[in-house]
Amino acid sequence: MPQSGEEGGLAMVRSLLREVLMGREDPEGFFAMCVSILGHQETRARFLPVIQPLSSANRSLYSTLVSIYNEYFDKAEDDEFELAVTMSLLETQDNTRTPVHTSNGLYSSKVLQTGTPEFNCKEGTLLDSSLSTCRTVLTDENMAKKSEVKDNQSEERKHSKSRRQRRKAAAQHIVGLPRSPSGAAPVLLWVRRDLRLSDNPALVSSLEAGAPVIPVFIWSPQEEEGPGMTVAMGGACKYWLHQALSSFRSSLERIGSHLVFLEANLVKSTTLLILKALLKETGARTVLANALYEPWLKERDDEVMSKLQKDGIRCKMFHSYCTTDPYSVSTEGVGLRGIGSVSHFMSCCRQNPAGTGLGAALEAPVSLPAPFSWPQGIPLDALGLATMPRRKDGTTIDWAENIRKSWDFSEEGAHARLEAFLRDGVYRYDKESGRADAPNTSTLSPYLHFGQISPRWLLWDAKAARCRPLKFQRKLAWRDLAYWQLSLFPDLPWESIRPPYKVLRWSSNGSHLKAWQRGRTGYPLVDAAMRQLWLTGWMNNYTRHVVASFLIAYLHLPWQEGYRWFQDTLVDADVAIDAMMWQNGGMCGLDHWNFVMHPVDAAMTCDPYGNYIRKWCPELTELPDELIHKPWKCPASVLRRAGVVLGQTYPDRIVTDLEERRTRSLQDVALVRSQHGEYVDKRTGCDLVPLPPRLVSEALGSAQTPESKRFLLPVITRMEFKYQMDDPDADGAANPYNAVLKGYVSRKRDETVAFFNERDFAASVMNEGAQRRERLERDHRRMEGLPLREGPLRGTSRRTTNTKDRFSIVPGGAVHRTHR
């Protein structure tokens with residue numbers, strides 16, 4: 001009951017504040033009692049000075065109370081009247097409140113009193129936006145339980161759009177934070193690349209303990225980097241990580257928690273030592289985290305968890321970073337034929353499903369129990385993730401300015417991009433995701449990499465969209481495949497999987513490498529893509545293929561250089577994905593790219609109007625559409641009117657004879673394959689790859705691999721490489737299996753074809769592909785001495801296998817050889 005007298009009321013409020021600090025009262029109940037004791041006006045005037053000491057003693061609680069205060073006094077008069085009625089009702093109830101954990105992770109309070117209604121602040125009751133005031137619900141307990149079960153069942157059937165709306169609504173509420181009894185040991189939530197509230201298994205599991213939760217992020221540069229030349233954390237990735245951590249800290253503070261930052265230096269301390277010190281300081285007996293799958297990080301995590309468990313600490317890792325745990329994938333029942341392809345990988349996952357499946361995505365909690373006192377951390381800036389270099393005069397080089405302008409680094413930014421994509425871009429993704437001049441991709445890769453959106457959430461939302469492009473969903477399978485390959489080949493970032501290609505002859509031209517890195521090659525599409533990468537930290541998948549093909553096939557620079565540059569400049573730089581794709585592009589991965597992107601013809605395909613070039617190479621803006629992709633073919637008068645001076649305002653081409661460069665690349669491959677014939681299958685012409693021990697054990701059905709034998713597996717090999725082996729010095733253009741994609745030959749002609757066929761953008765590409773198949777068929781028949789077909793070749797997506805073409809034989813089983 002409110003006491004008469006101003007000082008008596010303040011004394012009671014201060015006494016209640018101590019109850020909040022002891023965990024016996026929640027912040028919202030405390031605020032409600034303040035209004036009841038002091039009244040509306042006195043609470044407005046005196047509440048903030050009363051809680052001011054908390055600003056230094058308990059910053060999280062202080063922030064929560066200030067938020068409740070601001071929200072309450074910002075309400076309209078009619079809402080204030082409704083709150084006053086509810087508070088007066090609460091005042092008459094028994095003050096015993098019991099923390100309740102609801103099924104969706106929300107915490108609330110029940111006011112229990114014989115003969116009075118039960119109040120329960122959970123999803124489905126009416127929550128005021130300023131205060132979790134409770135409305136009367138069904139008093140029949142059985143009916144309430146049945147209703148809750150029915151709601152849970154219907155919840156699973158709702159579309160992702162409804163889920164996103166509920167998440168937005170929940171973010172506007174401030175729910176009372178339960179305080180565990182003083183004897184309850186807190187839970188350490190070890191935060192890594194899972195910087196989100198939604199669908200975070202470790203976070204949700206920490207709530208189930210019914211104890212305070214202490215989220216902690218430990219930055220250990222040496223442990224993160226990994227062995228060899230991994231470059232796991234480049235400059236752009238570190239900058240994104242800094243911004244994402246800042247955003248995640250704000251998200252935690254909005255639900256009454258905090259994020260503690262610590263740094264491990266291998267010289268003075270390790271992650272294990274820091275965790276042990278935290279456990280001792282906080283009294284925590286539980287450590288929860290979401291698993292990482294890079295081999296060196298998994299090895300570190302296994303060691304940490306093992307040693308903590310020996311000390312009696314409960315430790316648990318949750319699977320959420322990939323849709324499939326790469327260490328659980330087995331080839332049993334599928335075999336090894338076709339390994340490296342996404343189809344083979346998906347077959348393995350279907351044949352040997354691990355666990356109970358993905359399940360439904362988890363909702364974000366709207367409150368998180370906080371400890372009585374927080375462990376001492378360091379400022380986020382002290383981690384040095386976003387430190388900018390300085391010039392000699394002391395000024396800062398802000399290289400990330402354009403990256404900041406291009407991205408929203410928050411979890412909300414991830415969901416906003418997903419929603420925008422599902423509203424628009426998803427309907428063009430299947431046929432036009434390669435367009436560089438249109439936003440037809442989701443741009444979610446950096447958010448996935450840092451765990452600001454989970455692959456499970458993304459998959460569920462993609463499936464719930466009316467347009468369900470399998471191509472988009474398969475991207476997650478490619479991601480999982482990359483982590484599986486990295487688990488099999490830990491040296492994937494720097495060591496070629498196919499042994500002969502380790503000695504492939506590469507160029508060491510540093511000026512060519514620098515021109516490629518800075519977008520100064522003289523080929524507009526390559527330059528535009530590399531400038532976009534430098535300024536924004538991103539480019540789409542099609543242009544990544546273009547610049548990789550140019551570096552490897554036309555500049556003859558080693559794929560490792562491309563990998564290292566991507567790792568340093570991409571905001572979504574992922575060791576597994578980058579290493580797998582650069583190995584495949586560099587001709588030494590498990591799955592050869594069966595194509596090479598021509599820098600000019602590819603530009604006509606992905607940027608037919610030159611808009612992409614004009615955006616990132618503005619010096620070429622005035623060139624006509626027909627010539628903007630090949631300015632060296634422009635007449636002098638056109639260049640003069642456009643203000644372009646080749647070699648000055650725009651660079652000259654660093655290489656001019658692309659066909660000659662391609663021929664030399666093929667000849668180099670043929671040379672190393674002939675010199676290392678033991679790694680070439682004589683029957684199929686396929687490369688042979690030594691199997692990693694894990695696959696050998698699966699194939700043999702035993703845990704031991706005979707040391708006297710090595711097992712070699714025929715893997716997918718590009719057709720033109722097989723043909724080139726018969727005539728290593730042959731011209732590349734004459735190879736009937738030439739892998740160079742031509743794309744558009746004439747933009748105007750292909751647009752006319754598309755118009756008359758009433759097709760979209762893909763019609764011209766399909767037409768060009770049909771013409772290429774006809775050309776290959778004619779060349780093949782001439783080689784075999786067969787009569788030429790009359791009319792165009794129709795109805796075949798690829799040339800059919802025949803007995804006279806030994807290059808069409810698919811790889812067979814594994815070959816084992818005995819060491820001599």
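Predicted model: local features only at pLDDT ≥ 70, side-chain atom pairs only at ≥ 80, totals over all residues.
Phe-47 and Tyr-69 are both buried.

The rings of Phe-47 and Tyr-69 make a stacked pair, with 5.8 Å from centre to centre and 5° between the planes. Phe-47 belongs to helix α3 (residues 40-51) and Tyr-69 to helix α5 (residues 59-73), so this pair ties together parts that are 22 residues apart in sequence.

A second pair is formed by Phe-566 and Trp-582: the ring centres are 5.1 Å apart and the planes stand at 85°, so the pair is edge-to-face. Planes over 60 degrees apart are what that term requires. Helix α23 holds Phe-566 and helix α24 (residues 575-585) holds Trp-582, so the pair ties together parts that are 16 residues apart in sequence. Phe-566 is buried, with a relative accessible area of 3%. Trp-582 also counts as buried, at 3% relative accessibility.

The count of aromatic pairs comes to 26. One aromatic cluster is formed by Tyr-239, Trp-240, Trp-399, Trp-407, Phe-409, Tyr-447, Phe-450 and Trp-538.

Two packed helices are described by the angle between their axes and the distance between the axes. For helix α21 (residues 524-536) and helix α23 (residues 559-569), the axes come within 9 Å and cross at roughly 40°. That angle makes α21 oblique to α23, because angles count as roughly parallel under 35 degrees. On the α21 side the contact is made by Met-530, Leu-533 and Trp-534, and on the α23 side by Trp-565, Phe-566 and Thr-569. Sorted by type, the residues of this contact are five nonpolar, one polar and no charged. Phe-566 thus has a part in the contact of α23 with α21 and in the edge-to-face pair with Trp-582.

Helix α11 (residues 235-254) includes His-242. At 10% relative accessibility, His-242 counts as buried, since the cut-off for that class is under 20%. Leaving aside residues up to four places away in sequence, His-242 touches Leu-380, Asp-381, Leu-385 and Ala-386.

Two loop residues remain, each with a backbone angle to note. Asp-199 has a phi near 50°, which is a positive value in a residue other than glycine. The loop that holds Asp-199 runs between β3 (187-191) and α9 (201-208). With a relative accessible area of 2%, Asp-199 is buried.

Met-587 likewise has a positive phi, near 75°, and is a residue other than glycine. Its place is the loop between α24 and β8 (596-597). Met-587 counts as buried, at 4% relative accessibility. Helix α24, at one end of that loop, is also the helix in which Trp-582 lies.

Notes
Residues numbered from 1 in each chain as written. Heavy atoms only, no water. Axes fitted to C-alpha atoms, helices over the stretch in contact; angles between N-to-C directions. Helix = DSSP H or I, 4+ residues; strand = E, 2+ residues; numbered from the N terminus. Parallel < 35°, antiparallel > 145°, perpendicular 65-115°, else oblique. Contact = heavy atoms within 4.5 Å. Nonpolar A, V, L, I, M, F, W, Y, C, P; charged D, E, K, R; others polar. Phe/Tyr/Trp six-rings, centres within 6.5 Å; stacked < 30°, edge-to-face > 60°. Buried < 20%, exposed > 50% of the residue type's maximum accessible area, 1.4 Å probe, protein only.
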